[in-house]
Amino acid sequence: MDTSPFLSSIVILDFGSQYTQLIARRIREQNVFSVVLPCTAPIGEIQSHRPIGIILSGGPCSVYDADAPPADPAVLALGLPILGICYGLQYIVHHLGGKVSPADKREYGHAEVNFLETNPLFAELPATITAWMSHGDSAEALPEGFHLTAKTSNAVAGIANPVRNIWAVQFHPEVHHTKHGSDLIKNFLFNICKAKPDWTAEHFIQSTVHAIREKVGEGGHAICALSGGVDSSVAAVLVHRAIGDRLTCVFVNNGVLRKNEFLKVQETMRTKLGLNLVAVDASDRFLTRLAGVTDPETKRKIIGNQFINVFDDEAARILKTSAREEIVGGPGTGSEAVILSERSESKDLEKSAPEDVVILSEARSAESKDLQFAPASTIEGAPSAGAPSDRSSSLGWSKPSVGLSGINKSHPEKVVILSEARSAESKDLRFTQKDGEAHHIAWLVQGTLYPDVIESLSVKGPSQTIKSHHNVGGLPADMKLKLIEPLRDLFKDEVRRIGRDLQMPEEILQRQPFPGPGLAVRILGEVTAERVALLQDADDIVVTEIKAAGLYQQIWQSFAVLLPVRSVGVAGDQRTYGYTCAIRAVHSEDGMTADWVPLPYEVLKKISDRITNEVRGITRVVYDITSKPPGTIEWE
């Protein structure tokens, strides 16, 4: 969500680096607001964010490639402080008259960087640091006015033009592998850009709530794809704060949830968060469409498509139910969403095709001015629901004086008719067709985070797609609902901090991440009900034992994976032939990189013993010791 109308910002132009959002995160850690824009953003859009500084990110291309990102060089002439990182340095050199060439020796991984001077960017840094490099090109000749500020044994590592306030480094200060990298970014913010540390989680909450209200509008309705995890729960609470009861949360059992998750989540969301929750068991629907599918990308896209179809169906059902409740409930129960417009004739009704006609009659008397709503499928004769109530005999249905015979021949979908009875005669007919935005669920809320986006498709810049996520790359092109993704540019730990500011319970905020496609991406090969049941039991044992060992909140993710590999075993002197289960546990700060966790042997032994003894169908347990990269956290 863009919060630039509220604060000045640091604009990061994304040239496609997998680390771009880490730059934004390092800036936010200093309580300075940052926004990531595509490198192709026009100058006007950049200036609309009121930047006090600009950072040019890294990227996978060479500046002399034909398909190099076409950023506007005019950004270098805005008179704002600029920091180029990796490709950003080469972009500056190339477009200001210097020369970039393939390096004689490429640098990937750790490198020793020597600073050649003390300047505002390197203030209070040691003379030599270990930095993370990832480049095959190097600056061969610097533009006029620039000088060398840092180097490695092989290449240029830093340049500057203090007069133009342009600075650049060849390494990546945003990653943890670069020692003192955060200090360098801090120097750029406060020494060079003169930023103020006044952006907080509360700023994000306020501006996001404001943006959601503007987007949805006063009469708009939304549904939230709730999973019970941290991301969707925080997203739901944010949107609920913005639009209140016009948000309905939908929790779908897609057949690949964790054991007993369908019931546990319903209880938590209703009792702990007070959300309006609709639970939909669509397990048969999902499993039927996953039958015979083994390709992981196809699985993800099937699940993404089916989620949207379920939400479309639920939106229509919720809308229909909500409309009936509002009409029957009358004033004070939401009926104000019905817009009434004065009409002197009913001829326009004959052109519509409503399915249900609703009669509203008001009798003004000394006893009551209440309004009564009554559904009716025809206008001939007073509908029973519109009969006078015991509470007020003055309320009743009165037939308008104008002819309405044409309505019986048509079948309107949502028409509201107001007839006002004064004394013994009926005077005015008012109606509206409720098919507009005043009462329409048009928005789907998702808890998408930036790691989901960057691994799925290039949104901000030409980042390479690694895999699609069901709520990003798996979305159908023709889906009816429009998206609200308030957490789309945040990392998991930032979302947890925002959740705490929203005063959400820790038991929700400390839940480990769970993939949107659920156990489908932890079952390698075809997803069947039998395999889901096996993995549910095995996974439940893993989580239970990790919690019992006091390790759950110290680990980013811990789970079981069911492999399509069978092996021979022995149980009770009998030969068995069952599946293999892999255990996965990783440490991570943001999901972008991860290291495998050296679980204690006694914990691994207990998990293995319980799975092989209690889960019939699994005869072997192995432990995954792969980090990210080169692997991903999930197996599919």
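Biologist: Is Gln-553 buried or exposed?

Modeller: First, this is a predicted model, where local features need pLDDT of at least 70, side-chain atom pairs count only at pLDDT 80 or more, and totals for chains, interfaces and linings use all residues. Residues are numbered from 1 along each chain as its sequence is written, and side-chain values use heavy atoms, with hydrogens and water left out. Buried means under 20% relative accessible area, exposed over 50%, and partly exposed in between, using a 1.4 Å probe and protein chains only. Gln-553 has 60% relative accessibility, so the word for Gln-553 is exposed.

Biologist: Where does Gln-553 lie?

Modeller: Helices (H or I, at least four residues) and strands (E, at least two) are DSSP runs, numbered from the N terminus. Going by those labels, Gln-553 sits in the loop between helix H14 (529-548) and strand E20 (557-571).

Biologist: What separates the C-alpha atoms of Gln-553 and Gln-510?

Modeller: Along the chain, these two are 43 residues apart.

Biologist: How many aromatic pairs does a search of the whole structure find, and how is the pair of Trp-199 and Phe-204 arranged?

Modeller: Rings of Phe, Tyr and Trp (its six-membered ring) pair if their centres lie within 6.5 Å; planes under 30 degrees apart count as stacked, over 60 as edge-to-face and the rest as tilted. The whole structure has eight such pairs. For Trp-199 and Phe-204, the centres are 6.5 Å apart and the planes make an angle of 85°, and that arrangement is edge-to-face.

Biologist: Are Trp-199 and Phe-204 buried or exposed?

Modeller: Trp-199 has a relative accessibility of 7%, so it counts as buried. Phe-204 has a relative accessible area of 3%, so this one is also buried.

Biologist: Which ring does the charged end of Arg-25 sit over?

Modeller: A charge sits over a ring if NZ of Lys or CZ of Arg is within 6 Å of the ring centre and within 35 degrees of the ring normal. For Arg-25, the charged end is 5.4 Å from the centre of the ring of Phe-491.

Biologist: Which residue does a cis peptide bond join to Pro-630?

Modeller: Most peptide bonds are trans. Here, omega is about 15° and the bond is cis. The partner of Pro-630 is Pro-629.

Biologist: What is phi of Glu-124 near?

Modeller: Most residues other than glycine have a negative phi. Glu-124, in the loop between strand E5 (99-115) and strand E6 (128-141), has a positive value, near 65°.
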